[in-house]
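Welcome! Here is a short tour for anyone meeting this structure for the first time.

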Amino acid sequence: VGLKEFEHISRVVIHPEDPDTVWVAAQGPLWSAGGERGLYKTTDGGETWNRTLVGDDGDDRWTGVTDLVIDPRNPDVLYAATWQRHRTVASYVGGGPNSGIHRSTDGGETWTELTNGLPSSEANANLGKIGLAISPQQPDVLYAAIETNRREGGVWRSADRGASWVKMSDKIAVGTGPHYYQELFACPHNFD
């Protein structure tokens, strides 16, 4: 329903108490600019959609949302990862200043970028794809697998709902690059 130009959806999250409220993380077209990119929300089961998050400078040509997690204690708290990427037949640019991690405390209506302790574009980190996870045991704890400089990066951890982050590992997905496989999962049985 709706949003005919999503093309590639990264994540769908359904409100745990209201099945008509749904958030969709849309990466958009893989091989061209434009389309419907960003974080979309519906409160009427998909009849209408509202885009609530896109790149910081409003760039929706190349910036989509690549991951989305919800706090299991409070569905108004969500975390989203934006990813600026540009791919054509002849080239691939897997990062940019619009890549980042964002938090909403009002059900995805407004977003704040989280930066304390994370690599930044200003430091020439060239943020690429980001995978997010939230601890099921202690939801104040978040994890982020972040690609930097096209095949560098690592895993960061926050113990305070994203207010600050600490790098825990230099490990990232390899092979064809983390731009396809940068996913992260928190164990449902054992903390950390």
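The largest nonpolar core has 16 residues, and those with the most contacts inside it include Tyr-79, Ile-101, Ile-130, Leu-132, Ala-144, Ile-146 and Trp-165. A nonpolar core here is a set of buried Ala, Val, Leu, Ile, Met, Phe, Trp, Tyr and Cys residues joined through side-chain atoms within 4.5 Å, and buried means under 20% relative accessible area, with exposed over 50% and partly exposed in between (1.4 Å probe, protein chains only). This is a predicted model, in which local features need pLDDT of at least 70, side-chain atom pairs count only at pLDDT 80 or more, and totals for chains, interfaces and linings use all residues. Residues are numbered from 1 along each chain as its sequence is written, and side-chain values use heavy atoms, leaving out hydrogens and water.

- Ala-144 touches Ile-101, Ile-130 and Trp-165, among others, not counting residues up to four places away in sequence; contact means heavy atoms within 4.5 Å.
- A second, separate core of 11 residues includes Leu-53, Val-65, Ile-70 and Ala-80.
- In soluble globular proteins, nonpolar side chains tend to be buried together.

**The sheet 5-6-9-10**

- Four strands form this open sheet, in the order 5-6-9-10, with antiparallel pairing; two strands pair if DSSP finds at least two bridges between them.
- Its edge strands are strand 5 (63-70) and strand 10 (112-114), each pairing on one side only.
- Strand 5 and strand 6 (residues 78-84) run antiparallel over seven bridges, and Asp-67 stands opposite Ala-81 in strand 6.

**The sheet 11-12-13-14**

- Another open sheet of four strands has the order 11-12-13-14, again with antiparallel pairing.
- Strand 11 and strand 14 (166-169) stand at the edges with a single partner strand each, so one side of each has no neighbour in the sheet.
- Strand 12 and strand 13 (residues 152-158) pair in the antiparallel sense over seven bridges, and Thr-148 stands opposite Glu-152 in strand 13.

**A look at Thr-42**

- Thr-42 lies in strand 3 (residues 38-42).
- Thr-42 counts as buried because its relative accessibility is 1%.
- The side chain of Thr-42 reaches the backbone oxygen of Thr-48 at 2.8 Å.
- Leaving aside neighbours within four places in sequence, Thr-42 is in contact with residues including Asp-20, Val-22 and Trp-49.

Technical notes:
Helix = DSSP H or I, 4+ residues; strand = E, 2+ residues; numbered from the N terminus. Polar contact = N/O pair within 3.5 Å; in protein donor to acceptor, adjacent residues only side chain to side chain.
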